Amino acid sequence: MLLIPEPRKIKINEGSCPGDVASSLSIGARSIPPQGYRLTIEPGKISIEAADAAGAFYAEQTLQQITEQSPEAGLPCLKISDWPDFTNRGYMLDISRDRVPTMPQLYRLIDTLATLRYNQLQLYTEHTFAYAGHETVWGMASPITAEEIEALDAYCADRHIELVPNQNSFGHFERWLKHEEYQELAECPDGFTHPITGPRSHGTTLRPNEESLSFLNELYDELLPHFTSTKFNVGGDEPWELGQGWSAPQTEVEGKHAIYARFLKRVCELAENHNAAPMCWADILLEDPAFIDELPAGVLPIIWGYEADHPFDTQCETVASTDRPYYVAPGDSSWNSFTGRVRNMLENVRSAARHGLTHEASGLLMTHWGDNGHPQTWPIAFPGLVAGGVFSWYGDAESNLDLTVQINRLFFKGEDRTAATVLLELGDVDRLLPVKMRNQSFLCTSLRLPVEELIVKLADCPESVLEAVVSQTWEWEASLNSTNLHAEDADWLRDELDLAIDMTRFAAQRCLAVKSHTDSPRQFSLSSGLRSELALIIGQYEKLWIRRSRVGGLYESSNILRRLM
């Protein structure tokens with residue numbers, strides 16, 4: 001029997017109980033931790049004791065899983081005691097990097113989160129809420145509407161999930177500031193040099209002044225009433241150009257961190273004025289932790305980090321010393337990738353959970369980003385969804401984690417685990433290559449690199465390695481196409497995995513072609529065969545996109561591939 005998440009205490013007893021016996025429910029047991037439950041199945045009797053309504057919900061889910069896996073002879077007699085380690089178990093989905101899911105897909109995600117006992121969902125928003133009067137910003141993005149937020153909020157509530165508003169409110173404002181009518185709000189209205197991606201023609205960060213605060217207040221007035229949650233993630237991460245433009249004179253006198261902390265404080269006070277408890281990303285605060293004390297007492301920092309070696313230990317210790325609640329936020333390592341980076345993800349979430357528990361974090365927020373066009377398809381999120389749910393429920397979940405079996409049961413159904421095996425092997429493709437990159441998969445990134453830069457990256461990557469990757473993709477495709485999937489969306493899942501395999505193969509083949517032009521990089525162009533293969537991939541990419549995602553953002557995302565033609 002496979003229960004997801006596996007209960008921390010389970011004792012199987014002799015005997016069985018008819019499956020049609022009604023269960024008795026008692027809520028309010030003080031001996032059970034919050035959100036916890038005890039489920040007892042005896043001959044002719046099923047009883048549930050729960051700490052609260054959430055615990056009762058999780059007990060009923062466990063009972064349903066037992067029923068689904070039990071023969072007609074009856075349910076096994078047993079006793080389960082279970083409760084979560086993290087009070088807040090969140091999932092954050094990026095809906096601002098081109099891919100905004102359809103409502104059916106969002107409902108599908110929420111059902112999955114409920115099964116995995118997440119109790120919080122955040123939809124990361126920069127420009128994809130349909131703010132009145134700001135159509136210039138979101139008109140081509142197929143945004144979430146107020147009515148849709150209210151429907152999602154109610155759907156979440158029925159599953160003991162809190163839909164938490166999320167609107168980045170300092171950096172990552174480029175989707176607004178690129179338009180002329182908003183440039184007066186920009187720290188650098190004429191652009192700046194991004195430390196990672198180079199020159200930008202427009203700003204990404206709000207100037208920290210009263211006009212920006214007034215603007216944000218208007219957004220909050222419109223956004224927040226559609227949520228029942230009293231939490232609010234105001235963002236605040238990566239204000240890349242802060243201190244280089246409008247605020248430069250102040251920064252020279254006070255320093256960047258003082259300017260940052262003062263404006264973030266005002267942003268958080270705006271949230272509190274809307275009866276919302278603010279949370280914010282902690283990256284800039286951790287650069288100079290003394291400024292954490294400048295924030296209102298109720299502000300909750302979120303420590304994010306997405307590599308296996310992220311220093312959660314020291315960062316958790318630092319934030320915990322301020323005596324305020326905080327979250328840890330690992331990532332599912334799916335972004336900047338066609339396949340995900342499963343091994344990195346597991347180490348990352350394991351570290352976040354372990355050190356978060358050691359230093360008494362109040363929540364774990366699993367993040368799914370969509371950088372550079374959100375090319376990863378829905379199945380690529382499965383490993384992170386499962387690992388985030390399992391580790392946030394039971395932080396010492398090493399013995400409770402079997403991704404192949406759990407992914408197969410939750411998403412692919414049936415007894416054949418081939419699809420889950422292919423998915424996880426595909427998510428380990430980076431380990432076949434000697435080119436290592438942080439926060440991204442090399443093959444995905446190779447399609448965006450200038451040929452001259454790519455040649456440098458490929459210098460230590462033998463052709464035989466790339467040829468082995470190409471060969472492996474054919475094996476994965478053959479395995480996948482020889483297995484039966486029993487999920488409701490089986491055909492879609494197969495197509496989405498096939499697309500991830502096809503893009504991986506194309507990227508490896510293109511790298512091989514680039515290596516043959518080492519002496520003449522500027523003369524490189526795709527062969528007719530690779531051009532035809534890319535055309536087929538683009539067609540499938542666009543076809544599959546609109547199955548689960550809205551059309552807004554599709555052209556911008558697929559254009560990353562079209563530029564290679």
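Before we start, a definition: a pocket is an open set of grid points with protein on both sides within 12 Å along at least five of seven lines, and a residue counts as lining when it has an atom within 4 Å of a point. Keep in mind too that this is a predicted model.

**The largest pocket**

There are 45 residues around the largest pocket, and those nearest its centre are Thr-197, Arg-200, Asp-371, Asn-372 and Arg-448. Helix H5 (174–177), strand S10 (198–200), helix H16 (451–457) and helix H20 (554–562) are the elements that each give two or more residues to this lining. Of these, H20 gives the most, with three residues. Sorted by class, the lining has 17 charged, 15 nonpolar and 13 polar residues.

**The second largest pocket**

Which residues sit closest to the centre of the second largest pocket? They are Glu-68, Thr-115, Arg-409, Leu-410 and Lys-413, out of the 30 residues that line it. Helix H1 (53–68), helix H2 (103–115) and H13 each supply at least two residues of that lining. Its classes come out as twelve nonpolar, ten charged and eight polar.

In the largest cavity, 20 residues form the lining, and Arg-99, Gln-105, Thr-377, Trp-378 and Ser-549 are the closest to its centre. Two or more lining residues come from each of strand S6 (88–94), H2, helix H18 (490–515) and helix H19 (528–548). H19 gives the most here, with four residues. This lining has eleven nonpolar, six polar and three charged residues.

Here are the volumes side by side:

| Space | Volume |
|---|---|
| Largest pocket | about 1700 Å³ |
| Second largest pocket | about 990 Å³ |
| Largest cavity | about 260 Å³ |

How do H13 and H14 cross? The axes of H13 (residues 403–412) and H14 (residues 418–426) come within 8 Å and cross at roughly 120°. The crossing is right-handed. On the H13 side, Leu-403, Thr-404, Ile-407, Asn-408 and Phe-412 take part, and they meet Ala-419, Ala-420, Thr-421, Leu-423 and Leu-424 in H14. These contact residues divide into seven nonpolar, three polar and no charged.

Technical notes:
Residues numbered from 1 in each chain as written. Predicted model: local features only at pLDDT ≥ 70, side-chain atom pairs only at ≥ 80, totals over all residues. Heavy atoms only, no water. Axes fitted to C-alpha atoms, helices over the stretch in contact; angles between N-to-C directions. Left-handed = near helix turned anticlockwise from the far one by under 90°. Contact = heavy atoms within 4.5 Å. Nonpolar A, V, L, I, M, F, W, Y, C, P; charged D, E, K, R; others polar. 1 Å grid on protein atoms, 1.4 Å probe; cavity = no way out; pocket = protein on both sides within 12 Å on 5 of 7 lines; lining within 4 Å. Points joined across faces, edges and corners; volume = space filled by probe spheres on them.
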